[in-house]
Protein chains: 2
Amino acid sequence: MHHDPQTHPFHVIGVDIGGGKIALGAVSSAGEVTASQQYPTGPERPAEAVIDDLTARIRKMTEEVPFEVDGLGVGVCGQVVMSSGVVRQSPNLPNWDDVPLRQRLEAALGLPVTVANDMKVIALGQWQYSSERAVDDLVVVFVGTGVGGGVIANGQMLLGRDDHAGEVGHATIMVDGRECRCGNLGCLEAYVGGWAIAERAREAAEGDPREGAKLLALAGGNLENITAETVADANREDDDLARRIVEETGHYLGAGMVGVVNGFNPSRLILGGGVLDGIPELLESVEAHVQRYALRACTTDLEVILAEFGAEAGILGGAALAMQTLPNARSRSGELDA
Amino acid sequence: MHHDPQTHPFHVIGVDIGGGKIALGAVSSAGEVTASQQYPTGPERPAEAVIDDLTARIRKMTEEVPFEVDGLGVGVCGQVVMSSGVVRQSPNLPNWDDVPLRQRLEAALGLPVTVANDMKVIALGQWQYSSERAVDDLVVVFVGTGVGGGVIANGQMLLGRDDHAGEVGHATIMVDGRECRCGNLGCLEAYVGGWAIAERAREAAEGDPREGAKLLALAGGNLENITAETVADANREDDDLARRIVEETGHYLGAGMVGVVNGFNPSRLILGGGVLDGIPELLESVEAHVQRYALRACTTDLEVILAEFGAEAGILGGAALAMQTLPNARSRSGELDA
């Protein structure tokens, strides 16, 4: 018999492996997070050490929660082949080249495990657990240090040939524009990613020290310490330069989101990530830009909204992934009871 | 019993309604075009007149082919709501606002009819009938007067909320760039669409009449008569300005296709349309640009190729659409024999 969340409650663990921190939590089939924790990833450690540490924590969590755990869903900030559960590579986890994460976790835990790119996992969680469950087409874009996206199309994760669809941060919004970390010029991320906002702010403050005085002061007098957070802080204090950088960031992000809206025609464009947390008014700029400049046909049923669940977005996404694949996983491991 | 193309051959008619011409053809379940014709659309005529004319031609074709026709698939160069078969609007068919095309054709012909946007239909045809049938993720981009796209994702047409997904011609590739006909600035179409190539060529020839002498001569001495075809002709005659415009066009189109490849992660990027027909070397520029600048993970299994079937691409697409929806259509009209 398949698990029916309406009548047979079950529980899974969702894990979000980021470059900075790892979050894990136990989630009931009703979408309740019943236990959670987060801790620093230590990206410089070997992948094996990170995985050993993680399996110990998961084992402990499964022992502590007052119910049986049926499966595990994991999002990783990198390129993941879903069919094999292998992490191909990750810009923020330098020691994670071709790591067979699913195999390792399944062997250590004896649970069915599903692994996917973190943004796809978060998109699935937003779709599954938020008030947007009723729509079948949504795009989630997170603007943190980098810019990543996840797409739900016709009620399914959009994966593409190699499970890498949704990399909207690396659409060119300015031919021959700013250098991106990916090796291309003019990517959306090269304008609105946290690292790029910091870079633009440093350039501006260096170019006009009088205008940049506030940013420089907030950065302790050291230009190199200006970050996207410094810009967010100065913006909250009505600093002119910070406000201009925020305005331009909204303009660039809006331009990128026009491409997303015209390309995927979602009914919800859901924005989140550290940059949106620090500069929430970007939501309004993007919405105004998209409503004005995207094709009318693509905006008729569109709402631009903020992501839900804060720090638990990755946990709930992992849980959604586990629950979505649980019947298959059980069948795969011979545990499906007919 | 459902029709199985392997054992029970059947036939459909595919129709491609463009702003310039309409093409229709009878297609067997084996993908053979057994009859076809094309004629000028007359976009200035009322939609009713175009539809009456079309139904007469379809009726005649169904009478002339030596088999029964089971259904009709129609691609229209405009925004179509597939569930209702209504053409919402079309930039190239000014009299086609909210035309209930499916209803009209079904009433007139007594056949199940499916209607969709022409680029989605062409993508379906390329997928269904070309040598690319074995892949499940492809993007088709046609560069003609405008730039349109159609996406097959995981073996299905990518539609989005309102069936308008795939409008990749209106991704911003240059923030605050050239004016597009859609009302935005810096769209891909505003650089590489036929009208935009013509505009860029006119500006260049006007700015430097000596450099523009060849283009002007080919246009009969009238700057306003320079078109994308003039550029293609001069490029074939090794004119310096035309070659520069072609190079720049490849650079812009390549930048746009990087966004497409990173966004949809297709295994085939299929390019076609009048501009590609006239300047086929654009394929190589795009391929080189994408292989160099798209994310490595997204190009591992990617091939950039030309569209197949020439003038019959729309007919075969319409046929694929009809065949895909035939069982449903029959069931809908009560004709499904159990």
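**Helices, sheets and contacts**

Modeller: In helix 1 of chain A, Ile51(A), Thr55(A), Ile58(A) and Arg59(A) meet Leu101(A), Arg104(A), Leu105(A), Ala108(A) and Leu109(A) of helix 2 of chain A. Contact means C-beta atoms, placed from the backbone, within 7 Å, and helices (H or I, at least four residues) and strands (E, at least two) are DSSP runs numbered from the N terminus. This is a predicted model, where local features need pLDDT of at least 70 and side-chain atom pairs count only at pLDDT 80 or more, while totals for chains, interfaces and linings use all residues. Residues are numbered from 1 along each chain as its sequence is written, with chains lettered from A and ligands numbered from 1 in the order in which they are written.

Colleague: OK, sheets. What's the strand order in chain A?

Modeller: 3-2-1-4-7, an open sheet of five strands with mixed pairing. To pair, two strands need at least two bridges between them in DSSP. Strand 3 (33-40) and strand 7 (113-117) of chain A are at the edges with a single partner strand each, so one side of each has no neighbour in the sheet.

Colleague: How many bridges join strand 2 to strand 3 in chain A?

Modeller: Seven, and strand 2 (residues 21-28) and strand 3 of chain A run antiparallel. Ala26(A), for example, has Ala35(A) in strand 3 of chain A as its bridge partner.

Colleague: Which strands does helix 1 of chain A lie across?

Modeller: Strand 1 (11-17), strand 2, strand 3 and strand 4 (69-76) of chain A, running at about 25° to strand 2. Helix 2 of chain A lies across strand 4 and strand 7 of chain A, at about 155° to strand 7.

Colleague: Switching topic: how is chain A divided into domains?

Modeller: Domain 1 is 11-126 + 311-332 and domain 2 is 134-307, with bounds from an automatic or database domain assignment. Their contact takes 12 residues from domain 1 of chain A and 17 residues from domain 2 of chain A. Helix 3 of chain A gives the most to the domain 1 side, with six residues.

Colleague: And how many residues of chain A are in contact with chain B?

Modeller: 41 residues of chain A, in contact with 41 residues of chain B. Helix 8 of chain A gives the most to the chain A side, with eight residues. By class, that side of chain A has 19 nonpolar, 16 polar and six charged residues.

Key
Contact = placed C-beta atoms within 7 Å. Nonpolar A, V, L, I, M, F, W, Y, C, P; charged D, E, K, R; others polar. Axes fitted to C-alpha atoms, helices over the stretch in contact; angles between N-to-C directions.
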